[in-house]
Amino acid sequence: MSDTNTAFAGFASQRSAAGSELFGEGLGRPSFDLRFMLAVARRNLFGIGVIVGVVLALTVVVTLLTTPKYTAGARIQINDNSSRVFSEEDMQDEPVVAGYDTDRFLKTQTEVISSRSLALRVAQRLNLAGNPAFFAAQDSKPPAEGTSLANAQAMAASLLRTGLNVQLPRDSRIVTIEFTSADPALAAKIANAYVDEYIQSNLQRKFDSSSYARNFLGEQLQLAKQKVEDSERALNAYARSNGLIIPRSASNGSEKDNSNGSNSVTTSSLLQLNTAANDATAKRIAAEGRWRAISSVPLLSSNEVLTSPTINQLVTAKAEVEASLKEEQSRHLDDYPAVLAKRSQLKSLNDQIQITANNIKNSVRSDYEAAKQAEQQLMSQVASLKGDTLAEQDRTVQYGLLSRDADTNRQVYDGLLERYKKLNATAGVSLSNISIVDEAQAPSGPSSPKLLRNLLIGLIAGFVAAGIYVLVREQFNDSIRVPDDVEPKLDMPLLGVIPGARDDDPDAALADPKSAVTEAYNSLRSSLMYSTSEGLPKIIQVTSAQPAEGKTTTSLAIATGFARMGRTVLLIDADMRRPSIHRRVDVPNEAGLSTLLTSHAELTSIAVQTGQLNLSVLPSGPVPPSPTELLSSHRIEELLTEGARHYDTVIVDSPPILGLADAPLISALVDGVVFVVEANRNRRGSLRGAIRRLRAMRPIILGAVLTKFEATKAGNQYYTDYYGYDYYQYGSSGKADA
């Protein structure tokens with residue numbers, strides 16, 4: 001029989017998985033089952049109605065008792081740039097924020113409007129801390145006597161922030177500032193005060209930011225000025241201590257030259273003497289050339305002599321005298337007085353020419369000597385100044401460093417001074433980037449409470465509360481109300497649904513082959529025929545969680561149904577505490593299961609044949625003192641094996657599971673277990689506990705049977721039409737009527 005149990009266990013697990021897939025999402029029901037939800041709502045319709053009604057009544061009462069509130073709103077436009085005025089004719093727009101960050105800028109401004117600091121400004125401007133009417137309009141108590149002004153203003157600011165509402169529509173620069181109060185005039189006044197203070201605070205922030213910049217630049221300017229003075233003093237002190245006389249010009253280029261010492265007195269003198277020495281050398285070279293030219297050739301052949309005007313005059317006079325002498329010699333003798341006179345005149349001219357030529361030569365030599373001497377003197381002075389200049393250049397290295405430091409400090413100072421002047425010129429002349437679109441007006445009607453809106457909210461809240469109530473009630477209630485509850489709550493397939501018997505007489509319903517109860521058990525019998533891969537199990541146990549759930553009726557109906565099919569059936573009453581099958585089939589109970597468990601008698605000798613063909617019953621027998629000990633022995637397994645050998649089907653009607661160990665012990669020995677569940681029975685967790693105890697023995701659970709199901713109480717027309725068997729009834733002539 002163990003092989004059979006293994007086969008039954010595998011098929012049961014496959015059947016359970018298939019059932020889960022059929023009903024959806026592994027829980028036996030889709031995640032959103034409208035039919036089931038409507039059924040749950042119908043079952044709890046009274047509770048839902050009470051909850052919704054109470055919530056609506058409370059909503060009406062609260063609405064009527066609520067103080068009317070008035071909302072006044074002002075609208076402003078916040079631009080992303082502001083205007084800066086430089087003169088009466090000149091106005092320039094400067095961006096406040098980058099274009100791609102406009103949305104974040106606008107949201108930031110709405111947070112600024114809702115800030116505590118702005119609320120304090122409004123409270124101070126309107127003197128709300130000392131205005132009892134304001135606190136009364138906001139449904140708040142005024143500050144107690146002795147409260148400090150700061151605390152009173154903080155209380156007023158907190159109330160302002162509570163009544164404030166800032167709205168920023170999407171894709172718009174128009175911001176609406178609303179304030180709600182019991183006083184309509186006060187609401188409009190506060191809304192307009194918020195607009196004014198927001199604009200003033202915006203301008204104040206800009207002025208404060210520029211003031212901070214001016215103060216910072218002023219401090220930096222003083223530091224830069226001190227550095228300039230210190231660097232200038234250090235430069236002058238160094239020049240004085242080292243005897244440096246270097247004039248410094250105001251121009252940048254001259255300052256750069258002066259830093260290298262190129263315009264010092266020594267350097268200027270050196271340059272001038274060097275120029276004079278160069279000129280003297282040139283003059284000496286020219287004079288030496290003239291001297292060499294005049295001294296290397298005959299005196300009267302040199303160019304200096306020939307070009308002399310005096311020589312030219314004397315030569316001309318000599319030529320005239322020679323011509324006159326030749327003329328006189330042609331007419332007179334050599335001792336003729338006229339000839340002698342001409343010769344004497346000619347000799348005088350030659351002497352003058354010689355003397356003049358010598359004078360010219362001496363003059364050239366004198367020039368040469370003077371130029372040479374001047375050159376030597378100048379070169380000596382240049383050499384002396386060169387040494388002084390080189391020594392001075394060594395001293396001007398540190399001078400150059402100090403000079404550049406002074407120049408840098410002066411440039412920094414000039415830049416800061418220029419920036420400071422511009423900042424002072426433009427400070428506080430920015431125009432606000434906020435403009436008023438609409439001022440707040442005192443509202444003519446209250447903004448709250450609104451009865452229709454509150455009723456709608458109350459209706460929604462009522463349905464939500466009712467839904468929570470139903471959800472909690474359904475979650476903590478493990479009762480099986482409709483067939484669809486079997487799969488998710490019991491995690492086992494549904495074998496059949498048995499309607500409640502009329503007049504609470506199940507025997508009469510079973511005796512009528514045309515009754516709805518009989519038809520339901522016939523459907524259950526068909527389900528059991530194919531409950532395993534090998535067909536109908538040999539030994540079937542029928543049990544339930546608690547007494548009076550229809551377990552015995554189901555056992556009897558299953559046994560009777562299979563007997564009518566021609567199968568030999570043995571119905572065992574294993575409930576040895578409260579036996580009832582012997583009364584249902586009208587057989588004696590002097591001997592039965594307890595007799596077989598305490599003796600070695602044959603099963604066939606104790607089993608009783610009933611009036612139903614092929615149906616035998618093994619009563620429970622005399623009630624033993626400890627049924628659990630009898631069922632724990634090996635004798636029960638032998639009896640079940642013997643019954644399976646002599647009969648086609650063995651049905652075991654076992655006791656309920658809760659409180660007893662009998663049913664779990666038997667479930668480990670049978671080939672399949674049928675779990676009977678009474679519909680609409682409030683168990684409060686007992687059903688889950690019973691299933692846990694049963695599954696602890698690892699039985700083969702064929703499925704569940706839902707008994708005493710009243711389709712008309714299920715809250716769903718589908719169950720009424722289907723499980724109520726109204727869709728098919730027998731006619732009076734014995735024919736089926738659709």
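Two strands count as paired if DSSP finds at least two bridges between them. On that basis, this predicted model contains an open sheet of eight strands with mixed pairing, in the order 7-14-13-8-12-9-11-10. The protein has 738 residues, of which 43% count as buried, and its secondary structure comes to 26 helices and 16 strands.

**Overall figures**

- The accessible surface of the protein is about 39600 Å², and carbon and sulfur atoms account for 53% of that area.
- Among contacts with a separation of 6 or more, 77% are between residues 24 or more positions apart.

- The partner of strand 7 is strand 14 (residues 701–709); the two run parallel and are joined by four bridges.
- Within this pair, Val497 stands opposite Leu706 of strand 14.
- Helix 17 (residues 516–529) packs on the sheet and touches strand 7, strand 13 (672–678) and strand 14.
- The direction of helix 17 makes about 170 degrees with that of strand 7.

- Strand 12 is mostly covered, with five of its five residues buried.
- Thr649, Ile651 and Asp653 point one way from strand 12, while Val650 and Val652 point the other way; all are buried.
- Strand 8 (residues 539–544) runs parallel to strand 12 and is joined to it by four bridges.
- Asp653 of strand 12 is the bridge partner of Val542.
- Strand 9 (residues 569–573) also pairs with strand 12 in the parallel sense, over five bridges.
- Leu570 stands opposite Val650 of strand 12.
- In general, strands of a sheet pair through backbone hydrogen bonds, either parallel or antiparallel.

**Ser448**

- Ser448 lies in the loop between strand 6 (434–438) and helix 14 (451–476).
- Ser448 has a relative accessible area of 19%, so it counts as buried under the 20% cut-off.
- Leaving aside residues up to four places away in sequence, Ser448 touches Thr67, Pro68, Lys69 and Arg453.

Conventions
Residues numbered from 1 in each chain as written. Predicted model: local features only at pLDDT ≥ 70, side-chain atom pairs only at ≥ 80, totals over all residues. Heavy atoms only, no water. Contact = heavy atoms within 4.5 Å. Axes fitted to C-alpha atoms, helices over the stretch in contact; angles between N-to-C directions. Buried < 20%, exposed > 50% of the residue type's maximum accessible area, 1.4 Å probe, protein only. Areas by Shrake-Rupley, 256 points an atom, 1.4 Å probe, with all protein chains shown as cover.
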